[in-house]
Structures are given as C-alpha cells and as structure tokens.
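Please look over the structure shown below together with its sequence. The report that follows takes up a sheet, the helices packed on the sheet, and one further helix.

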Amino acid sequence: MEKTSVLILSPLPDFLMEPLRAAHTCHDYFHAEDKAELLAEVGEEIRGIVMSGGSMSPVALLEQLPKLEIIGVFGVGYDGVPVDWCKAHGIRVTNTPDVLTEDVADTASALVLMTSRRLIAASHFLHAGAWTKGPFPLAHALRGKLAGIVGLGRIGKAIAQRLEAHGMRIAYHGRTKQEVSWEYVDSLMALAEAADFLIVATPGGAATKRLISAEVLATLGAKGTLINIARGSVVDEAALIAALQNGTIRGAGLDVFENEPQVPEALMQCENAVLLPHLSSGTHETRAEMARLVVENLAAHFSGAALLTPVC
C-alpha cells in the first residue's frame with residue numbers, strides 16, 4: 001500500500017517519528033533549509049500535518065496544500081491551528097487531551113509548593129553552605145489559603161483536587177458555573193482579589209490573550225502568587241516582570257512563556273519566580289500516550305474510521 005504524505009511542522013520526539021515514518025512518507029518542513037522549494041516539490045501530495053501543541057500552522061501555509069485532510073496536534077492545546085478555517089475547508093483537526101491531565105496538574109501543584117515554601121531558594125541556600133551560618137528564613141503554609149483557578153476544565157479540576165488535599169480552599173472563574181462543590185466567582189478581578197494563589201489553566205488563543213493583565217496582577221496583590229501552566233500568551237509577561245520586580249505580587253511559578261524557548265533575562269533574574277522549561281506533560285508515560293493518540297488518529301482518518309480525539 002502506498003504511504004500517505006505527511007508534513008512535519010515542528011521538532012517531534014523519536015518515539016513519535018518512528019511510527020509516523022513507518023506508516024507515512026514524512027516531509028520535515030521545520031528543518032528544511034528551503035521551505036518554499038520543499039512545498040513546490042511535495043505540497044500537492046500532502047494529506048496530513050503533524051505538529052506540536054506550541055507550533056503554528058498558518059493559513060498561508062495550509063492554502064498551499066490542496067489535498068490536506070487532517071492536522072494532528074501532539075499536545076492538548078491547538079491555538080496554533082486556524083480551526084475555523086479548517087472547518088470551512090473540511091480539514092479535520094485532532095489533539096491529545098486527557099492523557100496529560102494528571103501530569104500537568106502535578107506540575108501546577110508542585111509550583112504552588114515550590115513558591116509557597118521557597119523550595120528552590122532553600123535548596124540553593126543549602127548547597128551554598130549557608131545553613132552552617134543559620135536557618136533558612138520562614139516561608140508560608142498552604143493550609144487555609146485560597147487557590148483561585150482560572151479555567152475549570154479537566155486540568156483545572158485535577159489541580160483543585162490536589163490542592164484541596166493540601167488543606168487549601170478552592171474557588172474558580174470560567175465562562176459558566178459548573179456542578180462542583182467549589183465556589184464559583186463570576187469575575188476574574190474578584191477571584192484575583194480573594195486568591196492567595198491565582199492558577200491559570202485556560203486554553204490559549206485570541207480569546208485569552210493577556211487575560212492576566214497588569215490590572216489583574218495589581219488586584220492579586222502582595223499576598224498573591226501567580227501560577228501558569230496554560231499558555232504563556234495568557235499572561236502579559238512584561239506586566240508580570242514589573243509586578244515581580246516591584247513587589248506588586250509575592251511571586252510566580254511558571255511553566256510556560258510568551259516566546260518559548262526564549263525567556264526574558266529580566267524574568268530569570270526575579271528571585272521570587274520559579275521557572276520551569278515547559279515540562280508539565282514531560283514524563284515518559286504521558287508523552288508515549290500522546291504519541292499513540294497522534295498516530296492512531298491519523299490511522300483512523302485514513303482508514304475511514306472515527307477519530308479518537310477530534311477537535312473538528
């Protein structure tokens with residue numbers, strides 16, 4: 001059987017590329033030195049695209065692929081895909097939800113712990129030999145504090161469950177009130193004002209771009225910490241840097257940034273910020289499941305079966 005031609009738009013791990021190459025003819029657009037030449041050679045053959053959650057598939061590119069049928073996103077976020085355009089042109093889109101929920105929620109919970117107890121600073125304190133000169137300064141307990149979750153989807157709920165186990169109170173803000181036991185707050189500003197930890201778990205995209213603004217950070221205030229495991233685009237990064245530098249907020253725990261993998265030097269210099277290199281779903285187990293979903297969604301589509309995890 002002739003293999004289908006697939007365009008690869010971003011770096012992908014070997015454990016995903018190997019089954020993709022076994023089932024398809026893969027053309028590496030991301031690493032191509034002359035992308036225009038590659039499209040001129042194979043553009044009319046391409047029936048599928050595979051890309052990571054943080055990458056982009058612009059309309060200008062998709063318009064050059066007349067036989068394109070499906071885009072498989074290796075990630076839960078698909079804000080880099082023009083979904084409305086794809087719907088209008090009959091192009092299917094898939095992602096890899098659910099399988100990464102627990103790992104991402106674990107990372108959010110870890111960031112809350114690391115920022116509240118200042119665990120990174122404490123480790124540096126010990127390694128520097130400072131403990132012999134006196135104890136590490138006191139930090140803050142979690143019990144009784146309010147975790148305000150922005151976006152109570154699958155991941156938001158899993159975060160709430162973990163933080164509730166730490167003795168924290170839970171409130172949330174989203175588009176609608178849900179049938180859960182936690183308090184619903186109908187205003188982001190009201191949630192920021194009440195929260196000790198404001199935890200961002202929303203999708204990315206235009207609807208949430210810089211949702212966490214300078215005004216929200218000022219309302220969160222000096223008793224508050226921002227945690228972001230969603231998308232860097234949801235936070236006004238310049239405003240966050242200023243808030244950290246000026247003591248407008250107590251601290252931040254971030255796994256995502258506006259222009260990954262580039263992180264502003266000013267942000268890296270903020271000692272009241274814990275910064276991680278977008279590793280929330282970065283376990284062998286979860287990434288293997290994500291890869292499986294990408295491969296099986298493509299196989300289902302090209303065999304005429306129902307998609308496992310359709311976006312559209």
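## Pairing within the sheet

Isoleucine 8 stands opposite valine 50, a residue of strand E3. In this predicted model, strand E1, residues 4-8, and strand E3, residues 46-52, run parallel and are joined by four bridges.

These two strands belong to an open sheet of five strands, whose order is E2-E1-E3-E4-E5 and whose pairing is parallel. Strand E2 (24-28) and strand E5 (92-94) are the edge strands, each of them pairing on one side only, and from one strand to the next the twist averages 20°.

## Helices packed on the sheet

Helix H2, which covers residues 35-42, packs on the sheet and touches E1, E2 and E3, with its direction making about 155° with that of E2. Helix H12, residues 284-302, also packs on the sheet, where it touches E1, E2, E3, strand E4 (70-74) and E5, and the direction of H12 makes about 170° with that of E4.

## Helix H7 and its surroundings

Helix H7 runs over residues 154-165, and because 12 residues at 1.5 Å a residue should span 16 Å, the 17 Å between its end C-alpha atoms agrees with that expectation. After H7 comes glycine 167, whose phi is positive, near 85°.

Which residues of H7 are buried? They are Ile155, Gly156, Ala158, Ile159, Ala160 and Leu163.

Technical notes:
Residues are numbered from 1 along each chain as its sequence is written. This is a predicted model: local features need pLDDT of at least 70, side-chain atom pairs count only at pLDDT 80 or more; totals for chains, interfaces and linings use all residues. Side-chain values use heavy atoms; hydrogens and water are left out. Two strands pair if DSSP finds at least two bridges between them. Axes are lines fitted to C-alpha atoms, for helices over the stretch in contact, and angles run from 0 to 180 degrees between N-to-C directions. Contact means heavy atoms within 4.5 Å. The expected span of a helix is 1.5 Å times one less than its number of residues. Buried means under 20% relative accessible area, exposed over 50%, partly exposed in between (1.4 Å probe, protein chains only).
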